[in-house]
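I set out to record what I could look up about this structure. The entries follow in the order in which I made them.

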Amino acid sequence: MFFLLKLKTEVNEQGISYSYFPFIRKRQFLWSEIESAKVINYGFVGGWGIRMSIKYGTIYNVKGKMGLQITLKSGKKFVLGTQKHEELLAVLEQYKY
């Protein structure tokens, strides 16, 4: 089943959206809902998939240890794993995050 996992993240002028096949359909958060968004090295959190962390909130990953940490204005925190962290840094800077 882990070979079927697919995490897709999109960052654009509206905000950040992601889907995590086969578990989560597309979810979108507008920039007005986002307190902060930054690329972090979250290390190894006990495997891949969906993990819970006191420090990071919910972590969605497929492989690796780099991710986009998002904190919403509501206080909810989560991390979306990424294999393209350098590209993600450039896009976040473009939107001033």
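Entry 1, burial. I call a residue buried when its relative accessible area is under 20%, exposed when it is over 50%, and partly exposed in between, with a 1.4 Å probe and protein chains only. The model is predicted, so I note that local features need pLDDT of at least 70, that side-chain atom pairs count only at pLDDT 80 or more, and that totals for chains, interfaces and linings use all residues. Residues are numbered from 1 along each chain as its sequence is written, and side-chain values use heavy atoms, with hydrogens and water left out.

I looked up where Gly47 lies and found it in the loop between strand 4 (34–41) and strand 5 (49–53). Helices (H or I, at least four residues) and strands (E, at least two) are DSSP runs, numbered from the N terminus. Gly47 counts as buried because its relative accessibility is 11%. I also looked up Ser36, 11 residues away along the chain from Gly47; the C-alpha atoms of the two are separated by 25 Å.

Is Thr58 buried or exposed? Thr58 counts as buried, because its relative accessibility is 14%. I located Thr58 in strand 6 (residues 57–61). Leaving aside neighbours within four places in sequence, I listed its contacts (heavy atoms within 4.5 Å): Thr58 touches Ile50, Arg51, Met52, Lys77, Phe78 and Val79.

I traced an open sheet of three strands in the order 1-2-3, with antiparallel pairing; two strands pair if DSSP finds at least two bridges between them. Strand 1 (6–11) and strand 3 (24–30) are the edge strands, each pairing on one side only. Strand 2 (residues 15–21) pairs with strand 3 in the antiparallel sense over five bridges. Within strand 3, Gln28 is the residue opposite Ser17.

Rolling a probe the size of a water molecule over the atoms shows where empty space is left. On a 1 Å grid over the protein atoms alone, a pocket is an open set of points where a 1.4 Å probe fits, with protein on both sides within 12 Å along at least five of seven lines; lining residues have an atom within 4 Å of a point. Of the 16 lining residues of the largest pocket, I noted Leu7, Thr9, Gly81, Thr82 and Gln83 as the closest to its centre. Strand 1 gives the most to this lining, with six residues.
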